[in-house]
Amino acid sequence: MRAILICPEESLRTKFEAAAAEFERLSIFKILTAYPEVDVLRRLVRSSTPDVIFISHENAEVAESLNSALGKDFPRVPRIGLHTSQEPAIFRQAMRMGVRELLCSPFNRAELGEALGQIATHLEEHPADVGCTDHFFAFMPAKAGVGASTVAANFTWALSEMPGVTPLLADFDQHSGMVGFQFNANNDFTLSDPAARIKKLDDEAWARLVTRVGNVELLLSGAPHA
């Protein structure tokens with residue numbers, strides 16, 4: 001199971017990592033040491049497609065906000081709460097947030113193994129799914145030089161003028177990509193860089209890969225190539 005761990009509390013995080021390391025079935029590939037903004041978390045889930053998300057409930061207000069957003073946008077990705085207290089009120093609070101389990105420190109190996117087994121069984125019957133988005137458009141020319149890049153550029157610019165919309169235009173033409181020219185934009189990073197960094201592509205790395213013109217984000221092709 002591929003997992004994301006969100007846990008700002010160092011002691012709780014360290015104990016859970018140590019306990020989880022004993023189970024080969026669980027792979028924590030992303031650890032967030034601070035509660036992320038909801039939009040940041042949405043992008044992370046969409047790009048990394050985890051099977052399960054572990055969230056510290058030490059800050060109940062923030063945990064509720066994250067759980068609410070995840071439950072709405074990714075209902076088929078199980079969420080597991082983490083806490084230092086085993087008080088009944090904490091369990092009731094977690095259940096109201098819609099989590100499948102609440103694991104408490106210290107993490108008993110047998111209890112953790114049982115919980116992971118139940119999650120694995122659930123995932124076999126209901127595989128995690130981050131869904132898809134219809135906010136995606138591809139411009140495919142029938143042949144070179146018919147103006148697909150110009151249409152894409154104008155369409156993207158029009159989208160950028162809509163309230164709350166920051167479109168990304170990715171130029172996949174590795175031979176004669178024109179997007180950089182059309183937007184008078186340059187960047188040291190090009191389309192090949194995210195492919196090379198796919199396992200370490202987080203928000204910080206992404207910010208360096210894209211360049212921004214107005215309200216448009218651009219991922220340039222690096223063309224022309226020989």
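## Exercises on a predicted fold

Helix 5 (residues 109-125) lies across strand 3, strand 4 and strand 5, at about 160° to strand 5. Axes are lines fitted to C-alpha atoms, for helices over the stretch in contact, and angles run from 0 to 180 degrees between N-to-C directions. Helices (H or I, at least four residues) and strands (E, at least two) are DSSP runs, numbered from the N terminus.

This is a predicted model: local features need pLDDT of at least 70, side-chain atom pairs count only at pLDDT 80 or more, and totals for chains, interfaces and linings use all residues. Residues are numbered from 1 along each chain as its sequence is written, and side-chain values use heavy atoms, with hydrogens and water left out.

**Exercise 1. Work out the order of the five strands in the open sheet, and find its edges.**

Step 1. The order is 2-1-3-4-5, with parallel pairing. Two strands pair if DSSP finds at least two bridges between them.

Step 2. Strand 2 (27-32) and strand 5 (101-104) stand at the edges. Each has a single partner strand, so one side of each lacks a neighbour in the sheet.

**Exercise 2. Trace the bridges from strand 1 through strand 3 and strand 4 to strand 5.**

Step 1. Strand 1 (residues 2-6) joins strand 3 through four bridges, in parallel. Ile-6 has Ile-55 as its bridge partner in strand 3.

Step 2. Strand 3 and strand 4 also pair in the parallel sense, over four bridges. Here Ile-55 has Gly-81 of strand 4 as its bridge partner.

Step 3. Four bridges link strand 4 (residues 79-83) to strand 5, again in parallel. His-83 stands opposite Cys-104 in strand 5.

**Exercise 3. Decide how many residues of strand 3 are buried, and which lie on each side.**

Step 1. Set the cut-offs: buried means under 20% relative accessible area, exposed over 50%, partly exposed in between (1.4 Å probe, protein chains only).

Step 2. Count. Five of the five residues are buried, so strand 3 is largely enclosed by the rest of the structure.

Step 3. Look for a cover. Helix 3 (residues 60-73) lies across strand 3 (52-56) and strand 4, at about 160° to strand 3.

**Exercise 4. Describe how helix 2 meets helix 3.**

Step 1. The axes of helix 2 (residues 38-48) and helix 3 come within 10 Å and cross at roughly 40°.

Step 2. The two helices are therefore oblique to each other. The classes are: under 35 degrees roughly parallel, over 145 roughly antiparallel, 65 to 115 roughly perpendicular, the rest oblique.

Step 3. List the contacts (heavy atoms within 4.5 Å). Val-38, Leu-41, Arg-42 and Val-45 of helix 2 meet Ser-65, Leu-66, Ala-69, Leu-70 and Asp-73 of helix 3.

**Exercise 5. Are Ser-221 and Glu-24 buried or exposed?**

Step 1. Ser-221 follows strand 8 (216-219). Its relative accessibility is 4%, so Ser-221 counts as buried.

Step 2. Ser-221 touches several residues, including Asp-171, Gly-177 and Leu-191.

Step 3. Glu-24 lies in the loop between helix 1 (10-20) and strand 2. With a relative accessible area of 82%, Glu-24 is exposed.

How values were computed:
Lists of a residue's contacts leave out its neighbours within four places in sequence.
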